[in-house]
Amino acid sequence: MSDVTALALSVFRLNGALIAAGDRMTAPLGLTSARWQVMGAISLAGSPQTVARIARAMGLTRQSVQRVVDELAKDGVVAFADNPDDRRARLVSLTPHGAALYARIMAEWNALAARLAAGRDAAEWQAAVAALDAVRAGLEERR
């Protein structure tokens with residue numbers, strides 16, 4: 001097995017573990033990992049985003065993000081606003097309720113991340129991120 005294949009298999013297992021951990025963290029708040037991820041994409045962007053922009057940032061389809069955004073809107077976690085650049089593509093932002101939920105989840109995530117990082121050198125994490133970014137870039141070139 002090649003090193004890249006071993007890395008890919010490890011990422012698949014890690015993804016499953018991250019989703020399970022995220023679901024455990026978000027369930028008490030009535031959320032899921034998918035909802036948390038979309039909330040994070042909106043929050044990290046720093047300004048209201050279209051569903052298409054959120055999907056591109058996450059590497060997902062617009063349709064899957066639209067479904068999650070619609071669920072979040074129904075629950076009062078995100079709100080829509082008119083987009084002056086495109087009447088058909090509304091802008092999505094976190095509501096104050098959504099921002100508070102996101103902050104609660106991130107506090108719990110940050111505590112978990114600190115426990116996971118304990119005892120590891122920052123250079124190890126940076127090398128892992130660089131390797132993953134290189135594989136992602138290679139895959140995106142082939143699109």
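Reply: Two strands pair if DSSP finds at least two bridges between them. Helices (H or I, at least four residues) and strands (E, at least two) are DSSP runs, numbered from the N terminus. This is a predicted model: local features need pLDDT of at least 70, side-chain atom pairs count only at pLDDT 80 or more, and totals for chains, interfaces and linings use all residues. Residues are numbered from 1 along each chain as its sequence is written, and side-chain values use heavy atoms, with hydrogens and water left out.

Me: How many bridges join E2 to strand E3?

Reply: Strand E3 covers residues 91-94, and E2 and E3 run antiparallel. Ala-81 stands opposite Leu-91 in E3. The number of bridges joining E2 to E3 is four.

Me: What is the order of the strands in the open sheet?

Reply: The open sheet has three strands with antiparallel pairing. E1 and strand E2 (78-81) are the edge strands, since each pairs on one side only. The order is E1-E3-E2.

Me: Is Gln-49 buried or exposed?

Reply: Gln-49 sits in strand E1 (residues 49-50). Leaving out residues up to four places away in sequence, Gln-49 touches Ile-54, Arg-90, Leu-91 and Val-92 (contact means heavy atoms within 4.5 Å). Buried means under 20% relative accessible area, exposed over 50%, partly exposed in between (1.4 Å probe, protein chains only). Gln-49 has a relative accessible area of 11%, so Gln-49 is buried.

Me: Which residue forms a salt bridge with Asp-75?

Reply: A salt bridge is a side-chain nitrogen of Lys or Arg within 4 Å of a carboxyl oxygen of Asp or Glu. Here the closest N and O atoms are 2.8 Å apart. Asp-75 lies in the loop between H4 and E2 and its partner in helix H2, so the pair ties together parts that are 40 residues apart in sequence. The partner is Arg-35.

Me: In which helix do Arg-136 and Glu-140 both lie?

Reply: The two side chains meet in a salt bridge (3.1 Å, N to O). They are four residues apart, about one turn of the helix. Both lie in helix H6.
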